[in-house]
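Welcome! Have a look at the model below, then read on.

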Amino acid sequence: MSDIRYPNESPEYRRARDELLQEEQALVDQVKAVARKRRELPPGGELKEDYTFQRANDGKVGESVRFSDLFGDKPTLLLYNFMYGPGWDNPCPSCTSLMDGFDRSAFQVGKNAAFCGIAKAPAEKINAWAKTRGWSQIDLLSGYNSTYQEDYRCQGDNDDMQWPTLNVFRKHDGKILHFWATELRGNHVDTVWPYWNLMDFTPEGRPDILSPPQNFRSKFLEDNYLE
């Protein structure tokens, strides 16, 4: 049993809480075990080509950068593709929720691995949206003139049919190798999504909605994905 007690709690509450505590510990252990197996994966395929992207951060919009240069002095690169195609009015609200969190995590993550957000929209559109959201820390890229999204399972049959995909690459023996990617159909980045995880701690649980609440809509998403 836990030694923790809170004011006026009942014995029934403590018994149920202790049972839940065991399951919470088992969940943490499982997450760590899966992460260990992920690290033990055999080498993935070599990067198809040294893609050229355009930077989309304020002050660097349109500057060309090679994929190989994104690593900086780090051995690993996390590259999250958020759903924002060339013809979209606004990005995906769910992807925006994730990017809100990623932007504030980029400084810490960047101490150990390179971390970038990429979209298929032109660099100018990405930069304008970043200003709207206040993104200022994560490196932003446009894959508008590359085949990266098509090659690495980030889109459907055209540039506007984008998918939310986190790819991880590593440098090894002078080569860039694909290490891992999100391949689940749903909840693929759930463990790093603040909104849903925080709501899991509440008595009400996760709201029965498709996307976190936002102060904007994406008509392209609604017309082409949700109907």
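## Aromatic pairs

A search of the whole structure finds 21 aromatic pairs. Rings of Phe, Tyr and Trp (its six-membered ring) pair if their centres lie within 6.5 Å; planes under 30 degrees apart count as stacked, over 60 as edge-to-face and the rest as tilted. One of the pairs joins Tyr51 and Phe53, which are stacked at 6.2 Å centre to centre with 5 degrees between the planes. Both Tyr51 and Phe53 are buried (under 20% relative accessible area; exposed means over 50%, and partly exposed in between, with a 1.4 Å probe and protein chains only).

Tyr195 and Trp196 have ring centres 4.9 Å apart and planes at 70 degrees, so this pair is edge-to-face. Trp196 has a relative accessible area of 7%, so it is buried. Tyr51 and Phe53 also belong to one aromatic cluster with Phe67, Phe71, Tyr148, Tyr152 and Phe169.

## About the model

This is a predicted model, in which local features need pLDDT of at least 70 and side-chain atom pairs count only at pLDDT 80 or more, while totals for chains, interfaces and linings use all residues. Residues are numbered from 1 along each chain as its sequence is written, and side-chain values use heavy atoms, with hydrogens and water left out.

## Two nonpolar cores

A nonpolar core is a set of buried Ala, Val, Leu, Ile, Met, Phe, Trp, Tyr and Cys residues joined through side-chain atoms within 4.5 Å. The largest one has 30 residues, and Tyr80, Phe82, Tyr84, Met99, Ile126 and Leu140 touch the most other members. Helix H2 (93–109), strand S4 (114–119), helix H3 (123–133) and helix H6 (219–224) are the elements that give two or more residues to this core. Here helices (H or I, at least four residues) and strands (E, at least two) are DSSP runs, numbered from the N terminus. H2 gives the most, with 5 residues.

Apart from this core lies another, of 18 residues, including Leu70, Phe71, Leu79 and Cys116.

## A buried glutamine

Where is Gln162 found? Gln162 sits in the loop between helix H4 (148–151) and S6. With a relative accessible area of 0%, Gln162 is buried. Its side chain makes a polar contact with the side chain of Gln155, at 2.9 Å. A polar contact is a pair of N or O atoms within 3.5 Å; within protein, one must be able to donate a hydrogen and the other to accept it, and residues adjacent in sequence count only if both atoms are side-chain atoms.

## Positive phi angles

Most residues other than glycine have a negative phi. Arg153, in the loop between H4 and S6, has a positive phi near 60 degrees. Arg153 is exposed, with a relative accessible area of 61%. Asn8 lies in the segment before helix H1 (11–39) and has a positive phi near 65 degrees. At 83% relative accessibility, Asn8 is exposed.

## A hairpin

Strands S6 (residues 165–172) and S7 (residues 175–181) pair in the antiparallel sense over 6 bridges; strands pair if DSSP finds at least two bridges between them. Asn167 stands opposite Ala181 in S7. The hairpin has 2 residues between its strands, and Asp173 takes a positive phi near 50 degrees.
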